[in-house]
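Dear colleague,

I am passing on the structure we discussed, and my notes on it follow below. Please read them with the coordinates open beside you.

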Amino acid sequence: MIIIISLAYQNKVENIEKNIENLLGQIYAAEQKYGRKNGSVRLLAVSKTKSATEVEKAISAGLTDFGENYLQEALPKVESLRRFQPSWYFIGPLQSNKTRQVAENFDWVLSVDRKKTAKRLGSARPRQLGPLNLCIQVNVSGETSKSGVNMSEALPLALQIMGQPGICLRGIMGIPAPTHEITEQRKAFRQLKDIFDTMNDHGLGLDTLSMGMSNDLESAIAEGSTMVRVGTAIFGQRNK
Ligand SMILES: *Cc1c(COP(=O)(O)O)cnc(C)c1O
C-alpha cells in the first residue's frame, strides 16, 4: 500500500531521477522475462512539451537520447543543451519545408514515410555530421489519423531509400492504436517485428525496431523491440 502511494506521488511531483531508475528496472526485468539479451533494448526519452531543465535532469540521471515531435519547440532545447551532447531524435510528422533544420540539428528521424522526405533530409545533411539515421514509420493499426506507410508499403519504401546519400536506414518505428489488452498490444508489435524481419531477409541489415511507449513497453520488449520511446513514465503527464 505504502509503495503504491509513493510511486503515484513520485510521478506527480515528476521525480525524474526516480522515474528513470524505476523504468530502467522495468526494462531490465522485461529483457530477463522474455529471454532478451541484457542491454538489447535502448531507452529513448520523449521530452516533447518538457523544458530544457527537465531534460537536463534526465541527462544527469544518465540518459543520452531524447525524442522531440515539434521542430520549433525542439530547437531552443537542442541549443541550450549542446554542451551535454545528447542525441536528438525527430519523431513527429515532418513537413518538407522543415527538412533542412531537422537534418542539421538531429541525429535520427524516426518518422519517415516518403521517399521525397528521405532524399531531402539526405541532401540537406551537413557532411561533417555523418549520415542521418532514419527509420520508416509504419502505420500498423491502419488508423487514418496517424502518419506512416501502410504495412505493405514499408519494404518497397525501404528498398528505395536504401543507399541514398547523406542518410543511413536503420529500421522501422510504429505506434499501434492504444489498448490495455496485452494480447492486442502483442499482436500489433508482432506485425511490426514481421515487417522488420522481412526487410532483413532482403539483406537490408537493419538494427532498430522502435516500438513500445509508457503503457505498452513490456509487450513491445516481449515481441522484439530494440528501442522503447518513453515520455510520461519519465517526465510525468504532459501539459497540453
Ligand atoms: C509522445 C510520444 C511518445 C511517448 O509517449 P508516452 O505514452 O508519454 O510514453 C512516444 N513516441 C511518439 C512517436 C510520441 O509522439
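**The ligand and the aromatic pairs**

A backbone N or O atom of G231 comes to 2.9 Å from an oxygen atom of the ligand, and the protein as a whole covers 90% of the 390 Å² of accessible area that the ligand has on its own. Please keep in mind that this is a predicted model.

The residues surrounding the ligand include V46, K48, I91, I175, M213 and R238, and by class the shell consists of five nonpolar, four polar and three charged residues.

Turning to the rings, the count comes to three aromatic pairs. One of them, formed by F66 and W88, is tilted, with 5.8 Å from centre to centre and 45° between the planes; because F66 lies in strand β2 (residues 65-68) and W88 in strand β3 (residues 87-90), this pair ties together parts that are 22 residues apart in sequence. F66 counts as buried at 0% relative accessibility, and W88 is buried as well, with a relative accessible area of 3%.

F90 and F106 have ring centres 5.4 Å apart and planes at 90°, so their pair is edge-to-face. This pair links distant parts of the chain, since F90 belongs to strand β3 and F106 to the loop between α5 (99-105) and β4 (108-112), 16 residues apart. Both F90 and F106 are buried.

Key: Residues are numbered from 1 along each chain as its sequence is written. This is a predicted model: local features need pLDDT of at least 70, side-chain atom pairs count only at pLDDT 80 or more; totals for chains, interfaces and linings use all residues. Side-chain values use heavy atoms; hydrogens and water are left out. A residue is near a molecule or strand if one of its heavy atoms lies within 4 Å of it. A polar contact is a pair of N or O atoms within 3.5 Å; within protein, one must be able to donate a hydrogen and the other to accept it, and residues adjacent in sequence count only if both atoms are side-chain atoms. Accessible areas come from the Shrake-Rupley method with a 1.4 Å probe; for residues, only the protein chains shown count as cover. Ala, Val, Leu, Ile, Met, Phe, Trp, Tyr, Cys and Pro count as nonpolar, Asp, Glu, Lys and Arg as charged, and the others, Gly among them, as polar. Rings of Phe, Tyr and Trp (its six-membered ring) pair if their centres lie within 6.5 Å; planes under 30 degrees apart count as stacked, over 60 as edge-to-face and the rest as tilted. Helices (H or I, at least four residues) and strands (E, at least two) are DSSP runs, numbered from the N terminus. Buried means under 20% relative accessible area, exposed over 50%, partly exposed in between (1.4 Å probe, protein chains only).
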